[in-house]
Amino acid sequence: MKHLSKLSLFAFLLISGFTFVSCSDDDDATPPAELTLYQKLGGTAKVSDPNNPGQMIEQGRLSYRSVVDSTITLIVADIVADSQGNLGAHFAPVVGEVLGGNTTNVAVLSKNLTDFFSANTGGGATNTYSGLGMVAAHDPAQNPRMGVKANNADYDKFIGYVGAAAGLNGVTDPALIGDVVAVLESLRAPIVQE
């Protein structure tokens, strides 16, 4: 009988142990939050700014700025080469300024685009955008620096430039590129006005 009591106690402890393990707090844990696009591009980790020696920049912001600057360079290269379907009509005021020797507004364009994407994809309080809304920014009647209104083909071309610029900057992960395209597609309606 004493032997049976010990076996019963052992069985009870064993079953209790399994029950305790199977009812752990993991069942109540919240799943980890999905990373924002800004975080996927490097987030708030500070790195040396290659354009400003001795200064630091958030890696996410640097990633955006690099792609934005490469996108601008690709667009301008096609305009200068007079490539078929280039976006010269859209950027004519800015290109005219550059050809006249004023590159200040290209730097402003780069900063505004970097601000916009950084602020709107999880860049937090350190990244803010104070420029025009998307409708006003892309309407020549409201923004004299915009040459003409965009149609869907123009916007598709722009997305292609961004994709090429991302590749030039080492962004080759298809899931990450898909995230970038999703952000760009979410802006199609206010930007495409023709």
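Are Asp115 and Arg61 buried or exposed? Asp115 is buried, and Arg61 is buried as well. Here, buried means under 20% relative accessible area, exposed means over 50%, and partly exposed covers what lies in between (1.4 Å probe, protein chains only).

## About the model

This is a predicted model, in which local features need pLDDT of at least 70 and side-chain atom pairs count only at pLDDT 80 or more, while totals for chains, interfaces and linings use all residues. Residues are numbered from 1 along each chain as its sequence is written, and side-chain values use heavy atoms, with hydrogens and water left out.

## Salt bridges

Side chains of opposite charge can pair when their charged atoms come close. A salt bridge is counted when a side-chain nitrogen of Lys or Arg lies within 4 Å of a carboxyl oxygen of Asp or Glu. Searching the whole structure gives eight salt bridges.

One of them joins Asp115 and Arg61, with 2.4 Å between the closest N and O atoms. Asp115 belongs to helix α5 (residues 104-120) and Arg61 to helix α3 (residues 59-80), so the pair ties together parts that are 54 residues apart in sequence. Helices (H or I, at least four residues) are DSSP runs, numbered from the N terminus.

## Further charged pairs

Glu97 forms a salt bridge with Arg145, and the closest N and O atoms are 3.4 Å apart. This pair links distant parts of the chain, since Glu97 sits in helix α4 (residues 88-99) and Arg145 in the loop between α6 and α7, 48 residues apart. Glu97 is partly exposed, with a relative accessible area of 22%. Arg145 is also partly exposed, with a value of 24%.

Glu185 and Arg188 meet through their side chains in a salt bridge of 2.8 Å, N to O. Glu185 is partly exposed at 36% relative accessible area, whereas Arg188 counts as buried at 15%.

## His138

His138 is found in the loop between α6 (134-137) and α7 (152-168). His138 has a relative accessible area of 19%, which means that this residue is buried.

A polar atom of the His138 side chain lies 2.8 Å from the backbone oxygen of Met134. Leaving aside residues up to four places away in sequence, His138 touches Met146, Lys149, Ile191 and Gln193; contact means heavy atoms within 4.5 Å.

Note on methods. Helices (H or I, at least four residues) and strands (E, at least two) are DSSP runs, numbered from the N terminus. A polar contact is a pair of N or O atoms within 3.5 Å; within protein, one must be able to donate a hydrogen and the other to accept it, and residues adjacent in sequence count only if both atoms are side-chain atoms.
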